[in-house]
Structure formats: structure tokens, C-alpha cells
Amino acid sequence: QVRLVESGGGLVRPGGSLRLSCVTSGFTFSMYGMTWYRQAPGKERELVASITYRGDDRNYADSVKGRFTIFRDNTKNTVFLQMNGLRPEDTAVYLCYAEHKTSRYRYWGRGTQVTVSS
């Protein structure tokens, strides 16, 4: 079955770094654009970063631009989010999302918790 499993979250001090991974299976990963979202308590879900199915273009939320990098390895069916210069306001559950380049197929992971605190 389709699976998207995030990992790499945890507790980190302000200014620290984390690398999130989303390992997928059950669908043709290379045909899907991938996006990282985040959701904090009391806030709406926010798009953090996205990458095209070929990995040739990326978009970032203004709040993370210059600090976060999204990249993918299509040989491992995995999308990553490298997070540097973390701030307390980055605290959230981070979820990965797959969208087929042309069809209606959509898949969500369950999320991994990132907490930035001193």
C-alpha cells in the first residue's frame, strides 16, 4: 500500500539544524511533486517547501527561504528537508505530501514533530 513515513524530527536548540526524511513506497515516486507542510497548534497548515517531480525547481515559504532546503533522491523514493538556523517559530509537526504531476492522486504522511526551544 501507499506509505509516506517521515523521520528526523526532535528537539533542537535555536540556531540548530535538523534533516527530515520522508521515505515513500507504493507509488511511482518519480512522477510526483513533493511538498513539506507544517502544522503548529492553533495555526493553519503552512506550505514550507515544494519540489517538482524531476527536482529541477523548488519553492519556499518566505519564512524559511535561505534557511531550509528541499531535495529528493528518486533512486531511494525519498524527499528531504534540510533545516538550518532553526527558530522557535519553526516548531510544528512537519508532513510530507505527494501530488501526481497530472492526475488526481494525492498522498499524505503522518508527520514528524520538530521542537525548537532553549
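Buried here means under 20% relative accessible area, exposed means over 50%, and partly exposed lies in between, with a 1.4 Å probe applied to protein chains only. By that scale Phe71, at a relative accessible area of 23%, is partly exposed, whereas Phe80 counts as buried at 15% relative accessibility. The structure is a predicted model, in which local features need pLDDT of at least 70 and side-chain atom pairs count only at pLDDT 80 or more, while totals for chains, interfaces and linings use all residues. Residues are numbered from 1 along each chain as its sequence is written, and side-chain values use heavy atoms, with hydrogens and water left out.

**Strands and sheet**

- Strands are DSSP runs (E, at least two residues) and are numbered from the N terminus; two of them pair if DSSP finds at least two bridges between them.
- An open sheet is formed by four strands in the order β1-β3-β8-β7, with antiparallel pairing.
- The edge strands of this sheet are β1 (3-7) and β7, each of which pairs on one side only.
- From one strand to the next the twist averages 15°, where the axes are lines fitted to C-alpha atoms and angles run from 0 to 180 degrees between N-to-C directions.
- Strand β1 runs antiparallel to β3 (residues 18-25) and is joined to it by five bridges, and Arg3 stands opposite Ser25 in β3.

**Nonpolar core**

- A nonpolar core is a set of buried Ala, Val, Leu, Ile, Met, Phe, Trp, Tyr and Cys residues joined through side-chain atoms within 4.5 Å.
- The largest such core has 29 residues, and those with the most contacts inside it are Trp36, Val79, Leu81, Met83 and Tyr94.
- At least two residues of this core are supplied by each of β3, β4, β5 (46-51), β7, β8, β9 (92-100) and β11 (112-116), and the largest share, four residues, comes from β9.
- Leaving aside neighbours within four places in sequence, Tyr94 is in contact (heavy atoms within 4.5 Å) with residues including Glu6, Trp36, Leu81, Met83 and Val114.

**Aromatic rings and charges**

- Rings of Phe, Tyr and Trp (its six-membered ring) pair if their centres lie within 6.5 Å, and planes under 30 degrees apart count as stacked, over 60 as edge-to-face and the rest as tilted.
- By this rule the count comes to seven aromatic pairs; one of them, Phe71 with Phe80, is stacked, at 4.8 Å centre to centre and with 15° between the planes.
- Ring pairs also link Phe27, Tyr32 and Tyr107 into a cluster.
- A charge sits over a ring if NZ of Lys or CZ of Arg is within 6 Å of the ring centre and within 35 degrees of the ring normal.
- The charged end of Arg45 sits over the ring of Trp108, 4.4 Å from its centre, and Arg72 lies over the face of Phe29, at 4.3 Å from the ring centre.

**Loop residues**

- Ser30, in the loop between β3 and β4 (32-39), counts as partly exposed at 28% relative accessibility.
- Not counting residues up to four places away in sequence, Ser30 touches Tyr53, Arg72 and Asn74; Ser30 and Arg72 are 42 residues apart in sequence and 9.4 Å apart in space, C-alpha to C-alpha.
- Asn77, in the loop between β7 (68-73) and β8 (78-83), has a phi near 55°, a positive value in a residue other than glycine.
- Arg104, in the loop between β9 and β10 (106-108), is exposed, with a relative accessible area of 68%.
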